[in-house]
Amino acid sequence: MENFEDRSKVKWISVQGFRGFREQQEVHLAQPNGRPGSGLTIVVGANNVGKSTIWEAFDALARKFNPGAYFGNDISFSEGKRNRQTPSGVRIAIGMDSGLECAIESLSFDTSETHAVWNTEDELRPQIPSLVVVPSRRQFQARFSRGGDASQTWMTSNGEFSRYQSRDGFAMRLFDLHADVAKKKRFDALLAEVIGEQLDWSIELGDGDHGSSYYLKVAASPGVHYTSEGLGEGIVSLLFVLNALYDAPEDSVVVIDEPELSLHPQLVRRLAKVLATHAKDRQIVIFTHSPMLVSWDAVSNGAAVVRVFKEGVDSRVAQAPSEVLAEVSKLQGSWQNPHVVGLDALEALFLEDRIIVVEGQDDAGLLPKVAELASVELEGVVYGWGAGGEGSVEKILGLLHSLGFKKVVALFDNNVPEKVAVVRGAYPQYLTVTIPAADIRTKKHEKERAEKPGLLDVKARGFAKSEYEVSTREVLERVNRFLCAPVHPGGETEETAVP
C-alpha cells in the first residue's frame with residue numbers, strides 16, 4: 001500500500017465570528033490511508049444551520065492561501081456576514097498535520113477588512129495543499145466565449161468572494177478538456193461511471209458569431225444532437241463536481257457543497273462510489289442532505305461524520321469519534337438486520353432532533369399503530385427499522401449523542417430491566433422508558449419457544465389487554481413531554497430523572 005505519511009494533510013478547519021458561528025467550532029478532516037472513502041469527511045445537518053458557512057470558510061481560505069494567491073486576494077466580510085456577538089471579529093483558520101497553522105482574521109471588530117496570520121515567522125512558509133472548492137450553485141451559460149482560467153483552482157483564482165457569484169469561467173475548463181485527448185478520455189470515463197453511459201459531447205461554434213458564442217453539442221442518437229441548452233440541471237451540476245475530481249492532485253483537498261443537487265437517486269449512489277474511490281488517496285469534504293452519500297463502508301475505512309446544528313441562534317459542530325463510528329459500523333455486517341444502518345436509519349442523521357430508538361423491526365413498524373390505538377400523536381421520528389435488538393440500542397444512542405442530538409428516547413420492551421438500567425446510566429440526558437409488556441405484539445407459542453405476551457394481540461389489531469391502553473398512553477405522553485420540553489444544557493429534566 002502506498003505510504004501517505006509523507007504528504008502534508010489538513011487536520012482541521014475552525015470558524016469563529018462568521019455568520020451563525022459566534023463561538024469557535026472545529027471540523028476535523030478524515031485522513032486518507034489508501035482504502036476507499038478513508039479521506040472522506042461527510043458533513044450533515046438540517047437546512048439553515050451553518051453547513052454552507054463552513055464551505056464558505058474553505059472558499060475564503062482557498063482565495064487567500066492557495067498557491068499563487070498569497071498576495072493577490074484580499075478577503076472582506078460585510079457586516080451581514082460578521083457575527084455581532086463575537087467581539088474579536090471573524091477568524092477562519094486551518095491546521096496541518098505538520099503543525100503549520102494559518103488564518104484569516106479581522107483587523108478589528110468594526111471593519112470588513114482582514115489580514116493573514118501564520119503560526120510561524122519563517123518567511124519561506126510551506127504551502128498548504130490546494131483547496132478545490134465547488135459551490136452548490138452550479139451553472140454556466142448555454143452560450144459561452146473562449147477565455148479565462150483553466151487551472152484546477154479556477155473558481156477561487158478570479159471573481160468575487162460570495163456564495164452567489166457567477167461561474168461563467170467554467171467554460172475554459174471545458175475548452176481545456178476538449179483540447180487534450182487524454183484528459184477528455186479520463187473525464188468522460190468518470191462521467192460515464194456516474195450517469196451509466198457514455199456522454200458524447202464536443203464544443204461547437206455558432207455560425208456568424210465571430211468566435212464569441214460557443215456551445216456544447218451532445219449526441220442524443222446517431223446523427224441527432226442537442227445543444228447545451230438541452231442539458232438538464234443535474235448533468236450540468238455533475239459536470240462541475242467531476243471536473244473538480246478528475247484532475248485533483250492527490251495532495252489537494254476537494255470541498256463540495258451538496259454534490260447531490262438535481263441528481264436522480266441512482267446517479268447519487270454511483271457518485272457516492274466515485275467519491276469513495278477518489279477519497280482513498282486525497283481528502284474530500286462534502287456537505288450533503290442525501291443519506292445516499294453516507295457510506296458505512298467508507299466510515300469503516302476511516303471516513304469522518306460531522307453534524308452541524310443550531311443551539312438557540314448559534315451554529316454548532318459535533319463530530320462522531322472514530323471508536324463510536326467503528327461500533328456502529330459493525331452493525332452493518334449482520335445479514336439478519338441489514339437495515340440497522342440502512343437508508344431509513346441514515347435519514348435520522350439529517351433530522352433537527354426528536355428521535356425514538358426502539359429495539360427491532362416489529363417495534364419500529366408497529367409503534368405508529370400502538371400510538372394510534374392509544375390516541376397519542378407521536379412528536380418524534382422512529383430511528384430506521386430499529387436498532388437490531390436491545391443490545392444495539394446503546395450503540396445507536398452513542399452515535400446520536402456524539403453528533404449533538406439532545407432529544408432522544410430509548411424505548412424498550414419491559415423484559416430487559418438490566419439493559420434498561422445500563423442505558424439509563426450511560427445516557428441520563430436521554431429518556432429511557434419501557435412499554436408495559438414483554439413485546440410489541442403477542443407471539444404464539446412454538447415448540448421451541450414459549451408464548452410471549454405482547455402489547456398488541458397476535459394479529460396486531462388491538463391491545464392484548466384492555467389495561468394496556470391507559471399505561472401505554474402514559475408512556476407515550478411522557479415521551480412527547482420529553483421531546484417537546486426545552487433543553488437545559490448540563491441539567492436533567494424531570495422526565496429523564498424519573499425511572
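Select I356 first: I356 stands opposite V409 in strand 17. Keep in mind that this model is predicted.

Now show strand 17, residues 408–412, beside strand 15. The two run parallel and are paired over 4 bridges. Turn to strand 16, residues 381–382, which also pairs with strand 15 in the parallel sense, over 2 bridges. Here the bridge partner of I356 is V382. Next, follow the chain from strand 15 through helix 10, residues 361–373, to strand 16. This β-α-β crossover is right-handed.

Stay on strand 15, residues 355–358, and show its side chains. Are its faces buried or exposed? Both are covered: I355 and V357 are buried on one side, I356 and V358 on the other.

Move on to the charged pairs. The whole structure holds 26 salt bridges. Select R19 and E56: their closest N and O atoms are 3.0 Å apart. R19 sits in the loop between strand 1 and strand 2 and E56 in helix 1, so the pair ties together parts 37 residues apart in sequence. R19 is partly exposed at 25% relative accessibility, whereas E56 is buried at 1%.

In that loop, pick R22 as well. R22 forms a salt bridge with D314 (2.6 Å, N to O). D314 belongs to strand 14, 292 residues away in the chain. R22 is partly exposed at 27%, while D314 is buried at 8%.

Last stop: K443 and D439, a salt bridge of 2.4 Å, N to O. K443 is buried at 16% relative accessibility, and D439 is buried at 5%.

Definitions and conventions
Residues numbered from 1 in each chain as written. Predicted model: local features only at pLDDT ≥ 70, side-chain atom pairs only at ≥ 80, totals over all residues. Heavy atoms only, no water. Buried < 20%, exposed > 50% of the residue type's maximum accessible area, 1.4 Å probe, protein only. Pairing = 2+ DSSP bridges. Right-handed = clockwise from strand over helix to strand, strands pointing away. Salt bridge = Lys/Arg side-chain N within 4 Å of Asp/Glu carboxyl O.
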